[in-house]
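The sequence and the structure come first.

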Amino acid sequence: MSEDDRVRWNEKYRIGGHASTQPSGALTTIAPLLPSSGRALDVAGGRGRNAIWLARRGLDVCLADISDTALRMAESQAADAGVTLRTQQVDFEKDTFPIGPWNLIVIVHFLLRPLFDLLPSELADEGMLVCVHPTVSNLKRHEKPPAQFLLEDGELPNLVPALNVIEYTEGWLTEGRHEALIVATKPPKAMNER
C-alpha cells in the first residue's frame with residue numbers, strides 16, 4: 001500500500017465507512033474454538049470491532065492497521081468498552097510484521113497473499129490463525145469487492161499448507177457474503193522437528 005492508501009482509508013473512516021462496532025458474525029460463530037487468553041493480533045482490523053470483542057474475551061490484543069484514524073477510533077471505543085487494546089500502525093505490504101509470537105492471529109476481510117507465508121513463523125506453537133474472506137462466488141450477489149480483492153473458491157486452505165486446518169467452511173455465511181472461513185493451528189514444535 002502507499003501513502004495514498006492510508007489517506008484513502010483515513011477518509012473512509014472519517015466519513016463513517018466501515019462503521020460497524022459488532023464483531024464479524026463468522027468470527028463469533030467459532031467462539032468456542034478460540035483461545036480466551038494469550039496474545040492476539042487483529043490484522044488490518046480497522047476500527048477494532050473484532051479486536052475489542054477478543055479483548056472482552058480475555059485476550060491481550062494488538063490491533064494493526066494502516067489507518068491512524070481507524071486506530072484512534074478503536075482506542076476510544078476500547079476505552080468506552082472498558083478493555084485495553086494496543087494499536088500499531090502498519091502497512092502490511094512494506095512494514096515489518098508486528099512482533100510475535102501470537103497465540104491468535106485474526107484476519108477478517110483483508111487479503112494480501114504473500115502475508116500467509118509469514119504467518120506460521122509469527123504464531124506461537126499451537127497458535128491459531130482465523131481468516132474470513134469473500135470468494136469470487138460473492139460476485140453472484142454483490143458487485144463489491146471486485147474480483148482482484150477476492151479469494152478463488154477453495155483457495156484459502158492452500159494458502160496455509162504449514163498449518164493444521166481444524167475447520168474450513170465456504171459458502172453464504174452469516175453476513176450474506178460468500179466467504180471462506182478457516183481455523184488452523186501451528187503444529188507443536190516436537191511435531192515440526194520429526
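## Cysteines

Cys131 is buried, with a relative accessible area of 1%; buried means under 20% relative accessible area, exposed over 50%, and partly exposed in between (1.4 Å probe, protein chains only). Cys62 also counts as buried, at 2% relative accessibility. A disulfide is a covalent bond between the sulfur atoms of two cysteines. Taking a disulfide as a pair of cysteine sulfur atoms within 2.5 Å, the count comes to zero.

## Basis of the values

This is a predicted model, in which local features need pLDDT of at least 70 and side-chain atom pairs count only at pLDDT 80 or more, while totals for chains, interfaces and linings use all residues. Residues are numbered from 1 along each chain as its sequence is written, and side-chain values use heavy atoms, with hydrogens and water left out.

## The sheet

Seven strands form an open sheet with mixed pairing, in the order 3-2-1-4-5-7-6. Helices (H or I, at least four residues) and strands (E, at least two) are DSSP runs, numbered from the N terminus; two strands pair if DSSP finds at least two bridges between them. Strand 3 (86-89) and strand 6 (164-172) stand at the edges with a single partner strand each, so one side of each has no neighbour in the sheet. On average, neighbouring strands of this sheet are turned by 15 degrees against each other, direction ignored. Axes are lines fitted to C-alpha atoms, for helices over the stretch in contact, and angles run from 0 to 180 degrees between N-to-C directions.

Five bridges join strand 1 and strand 2 (residues 60-65) in the parallel sense. Ala40 has Val61 as its bridge partner in strand 2.

## Helix 4

Helix 4 (residues 68-81) packs on the sheet and touches strand 2 and strand 3, its direction making about 175 degrees with that of strand 3. Contact here means heavy atoms within 4.5 Å. The buried residues of helix 4 are Thr69, Ala70, Leu71, Ala74, Gln77 and Ala78. Just after helix 4, Gly82 has a positive phi of about 75 degrees.

## Helix 5

In helix 5 (residues 115-122), the residues Leu115, Phe116, Leu119, Pro120 and Glu122 are buried. They lie on the same side of helix 5, because they cover an arc of only 165 degrees around the axis, taken from the directions from the helix axis to the C-beta atoms. Asp117 and Ser121, on the other side, are exposed.

The buried residues of helix 5 pack against strand 1 (39-43), strand 4 (102-108) and strand 5 (123-134). Helix 5 lies across these strands and runs at about 150 degrees to strand 5.
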